[in-house]
Amino acid sequence: MGILKMRILVLLLIVLMVSIVNGDENESFKKKPTIVKTVKGVKMCVKDWECNKLSRFCCNLTITDYLDTYQFELLFAKRNTPVAHAVDFWDYDSFIKAAALFQPLGFGTTGGKKMQMKEVAAFFGHVGSKTSCGYGVATGGPFAWGLCYNKEMSPSKDYCDDYFKLTYPCTPGARYYGRGALPIYWNYNYGAIGEALKLNLLDHPEYIEQNATMAFQAAIWRWMNSVKKGQPSAHDAFVGNWKPTKNDTLSKRLPGFGTTMNILYGDSVCGQGDVDDMNNIISHYQYYLDLMGVGREEAGPHEVLTCGDQKAFNPTAAPAAAS
């Protein structure tokens with residue numbers, strides 16, 4: 001009888017400890033009341049840790065209001081399978097911590113709930129396609145394998161461009177091969193992103209493959225910033241902040257998902273007609289729209305969704321004709 005009582009007491013203590021731990025976790029994720037101010041006639045808000053700078057975007061829903069851990073696990077269901085190449089690296093918390101830096105700027109917080117969810121799905125569409133190890137007959141389907149990688153597996157070179165030796169000089173021993181959720185290549189890209197995020201990526205590009213929050217931050221920074229002055233960011237092109245010029249219209253560049261591919265990849269994906277690389281990115285986006293409950297029918301018409309007929313914003317130099 002004494003042994004039975006002891007076992008019951010131990011079980012009760014375990015239950016109590018679990019309750020305390022879960023209670024602490026729940027408390028840490030509770031948000032403080034929204035702070036609301038009017039600045040020059042514009043309603044501005046601060047929402048605790050997730051949208052912690054006074055911004056009109058922080059008055060809207062934040063990402064945790066419509067995307068939870070369960071949904072993230074559903075979107076990237078196969079990323080931690082034994083055959084994946086970045087097991088236990090990517091997770092929901094790292095994404096949310098990274099996104100918190102950009103939500104006051106409108107990432108996932110622009111417009112109404114549908115637009116907010118569409119933007120996160122669009123961002124994930126790029127991320128999933130660029131980090132996937134899925135294929136046609138893969139278990140769970142080819143789109144369930146996003147975030148399978150966090151770095152280039154067999155880099156063929158160091159990606160050091162001495163043209164930028166004055167601004168972003170290569171650090172001896174550093175290798176600037178593809179890393180991250182939207183893979184970063186070349187010393188000048190590591191340097192520019194590192195400056196923006198106040199991370200020493202030029203000396204330590206390996207940070208991106210060692211820290212998932214940094215990797216997501218770098219990817220969202222790319223999404224939120226334009227490649228060149230006077231050109232839109234992928235964010236602005238997607239949410240409708242960008243107004244095309246006459247030249248853009250003639251080049252068939254329209255606000256929407258298609259133009260995000262043009263901004264991020266140029267003519268390596270766009271302006272080539274109905275190619276597999278483009279369709280793979282689109283298919284990931286549609287897959288995530290479905291899983292998030294928005295539905296692929298909200299992706300838009302063909303001319304908005306694709307970039308096969310678009311001229312690149314920044315065409316690659318044509319090879320010189322043979323003499």
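1. The accessible surface of the protein comes to about 17000 Å². Carbon and sulfur atoms account for 57% of that surface. The model is a predicted one, and the values here are to be read accordingly.

2. The protein has 323 residues, and 44% of them are buried. Its secondary structure comprises 13 helices and 3 strands. Of the contacts between residues at least 6 apart in sequence, 61% join residues at least 24 apart.

3. Two helix pairs are described in the points that follow. In general, a pair of packed helices is described by the angle between the axes and the distance between them.

4. The crossing of H4 past H8 is right-handed.

5. Which residues make the contact between H4 and H8? On the H4 side they are Ser94, Phe95, Lys97, Ala98 and Ala99. H8 contributes Ala212, Thr213, Phe216, Gln217 and Ile220. Sorted by class, this contact of H4 with H8 holds 6 nonpolar, 3 polar and 1 charged residues.

6. Asp93 is also part of helix H4. Asp93 and Phe72 are 21 residues apart along the chain, and their C-alpha atoms are separated by 9.8 Å.

7. A further pair consists of helix H5, residues 113-130, and helix H12, residues 276-291. Here the angle is about 135°, with the axes 8 Å apart. That angle makes H5 oblique to H12. H5 passes H12 in a crossing that is right-handed.

8. The contact of this pair draws on Lys118, Ala121, Ala122, Phe124, Gly125, His126, Gly128, Ser129 and Lys130 from H5. From H12 come Asn280, Ile281, His284, Tyr285, Tyr288 and Leu289. In terms of class, the contact of H5 with H12 has 7 nonpolar, 6 polar and 2 charged residues.

How values were computed:
Residues numbered from 1 in each chain as written. Predicted model: local features only at pLDDT ≥ 70, side-chain atom pairs only at ≥ 80, totals over all residues. Heavy atoms only, no water. Axes fitted to C-alpha atoms, helices over the stretch in contact; angles between N-to-C directions. Helix = DSSP H or I, 4+ residues; strand = E, 2+ residues; numbered from the N terminus. Parallel < 35°, antiparallel > 145°, perpendicular 65-115°, else oblique. Left-handed = near helix turned anticlockwise from the far one by under 90°. Contact = heavy atoms within 4.5 Å. Nonpolar A, V, L, I, M, F, W, Y, C, P; charged D, E, K, R; others polar. Buried < 20%, exposed > 50% of the residue type's maximum accessible area, 1.4 Å probe, protein only. Areas by Shrake-Rupley, 256 points an atom, 1.4 Å probe, with all protein chains shown as cover.
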